[in-house]
Amino acid sequence: MTRRLIQLLIGLFLYGIGIALIVRAGIGVAPWDVLTQGIDNHTQLGFGLITILLSGVVLVLWIPIRQKPGAGTLLNAVLVGPAADVGLWLIPADLDLWARIVLFAVGLLTVAVATGLYIGAHFGPGPRDGLMTGLHKRTGWKIWIVRTGIEVIVLGIGWALGGNVGIGTALFAVLIGPLCQRTIPLFAIKRAVRAADPARAATA
């Protein structure tokens, strides 16, 4: 349990740092971050706070689809935003193009590793991932259709509000899936099978 909790917290912190790296790269951000930037352009509430508020809105959307949050879900909702703010405070803006390309690449890899860490800790999905899987279960639609539909809607709203859409947005959409497919099994913690269940223990 201790290892899982530490891995979860490290993963959530790194997720926020990865987001900050991609934002500072300035060549386009992930769809949900486009929405966050767009809202921030009009409210000036700050990237981290808006990330938390959006997580709260998404969790409300879990209610009609009967999706239940785990401890990791709630910690994701409240910790990723502040971690992103820390990263935005530490990482300078307006760097040369080559440096921003490096920032984007490092940020993308950091998000992928962070995703593997926090999902591999088995404390429940993040608010946005849970919305996707919950809709999949309730509607029977394929995961890729649900995810694409959600992100197209989010991206469209964020773009209309002035969020940063660019080549980085497309690269994130294309590359994050294959990268996470590598990192999630890599960091998944194998949970012990209870000794009281000999049939499962024999097949574990």
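Q: Is Leu49 buried, partly exposed or exposed, and what is its relative accessible area?
A: In this predicted model, Leu49 is partly exposed, because its relative accessible area is 38%, which lies between the 20% limit for buried and the 50% limit for exposed.

Q: Where is the place of Leu49?
A: Leu49 belongs to helix 3, which covers residues 47-62.

Q: What separates the C-alpha atoms of Leu49 and Gly130?
A: A distance of 20 Å separates these two C-alpha atoms, and the residues are 81 apart along the chain.

Q: And Pro127, where does that one lie?
A: Pro127 lies in helix 6, residues 127-139. It counts as buried because its relative accessibility is 1%.

Q: Which residues is Pro127 in contact with, leaving aside neighbours within four places in sequence?
A: Pro127 is in contact with Ser55, Val58, Leu59, Trp62, Thr73, Asn76 and Ala77.

Q: Now helix 2. Why does its span agree with what its 13 residues should give?
A: Helix 2 runs over residues 31-43, and at 1.5 Å a residue it should span 18 Å; the C-alpha atoms at its ends are 19 Å apart, so the two values agree.

Q: Which residues of helix 2 are buried?
A: The buried ones are Pro31, Trp32, Asp33, Val34, Leu35, Thr36, Gln37, Gly38 and Asp40.

Q: What covers them?
A: The cover for the buried residues of helix 2 includes helix 1, helix 3, helix 6, helix 7 (143-160) and helix 8 (167-187).

Q: What does Gln37 touch, not counting residues up to four places away in sequence?
A: Gln37 touches Val23, Val29, Phe47, Gly163 and Asn164. This residue of helix 2 counts as buried because its relative accessibility is 14%.

Q: Which loop holds Asp94, and what is its phi?
A: Asp94 is in the loop between helix 4 and helix 5, and its phi is positive, near 60°. Asp94 counts as exposed because its relative accessible area is 78%.

Q: What about His122, where does it lie?
A: His122 lies in the loop between helix 5 and helix 6. Its phi is also positive, near 65°. At 28% relative accessibility, His122 is partly exposed.

Q: Changing topic: which residues touch the most other members of the largest nonpolar core?
A: Phe172 and Ile176 do, in a core of 29 residues. Helix 1, helix 4, helix 5 (97-120) and helix 8 each supply at least two residues of this core, and helix 1 gives the most, with nine.

Q: What is Phe172 in contact with, leaving aside neighbours within four places in sequence?
A: Its contacts are Ile22, Ala30, Phe104, Leu108 and Val111. Another core, of 14 residues, lies apart from the largest one, and its members include Ile50, Leu54, Leu59 and Val154.

Q: Last one: which residues make the nonpolar surface patch?
A: Leu5, Leu9, Val78 and Leu79 make this patch of about 290 Å². Helix 1 (2-25) and helix 4 (71-90) each supply at least two of its residues. Val78 lies in helix 4 and counts as partly exposed, at 43% relative accessibility.

Definitions and conventions. Residues numbered from 1 in each chain as written. Predicted model: local features only at pLDDT ≥ 70, side-chain atom pairs only at ≥ 80, totals over all residues. Heavy atoms only, no water. Patch = residues over 30% accessible without salt bridge, like charges linked within 9 Å, V, L, I, M, F, W, Y side chains within 5 Å. Areas by Shrake-Rupley, 256 points an atom, 1.4 Å probe, with all protein chains shown as cover. Salt bridge = Lys/Arg side-chain N within 4 Å of Asp/Glu carboxyl O. Helix = DSSP H or I, 4+ residues; strand = E, 2+ residues; numbered from the N terminus. Buried < 20%, exposed > 50% of the residue type's maximum accessible area, 1.4 Å probe, protein only. Contact = heavy atoms within 4.5 Å. Expected span 1.5 Å × (residues − 1). Core = buried A, V, L, I, M, F, W, Y, C linked by side-chain atoms within 4.5 Å.
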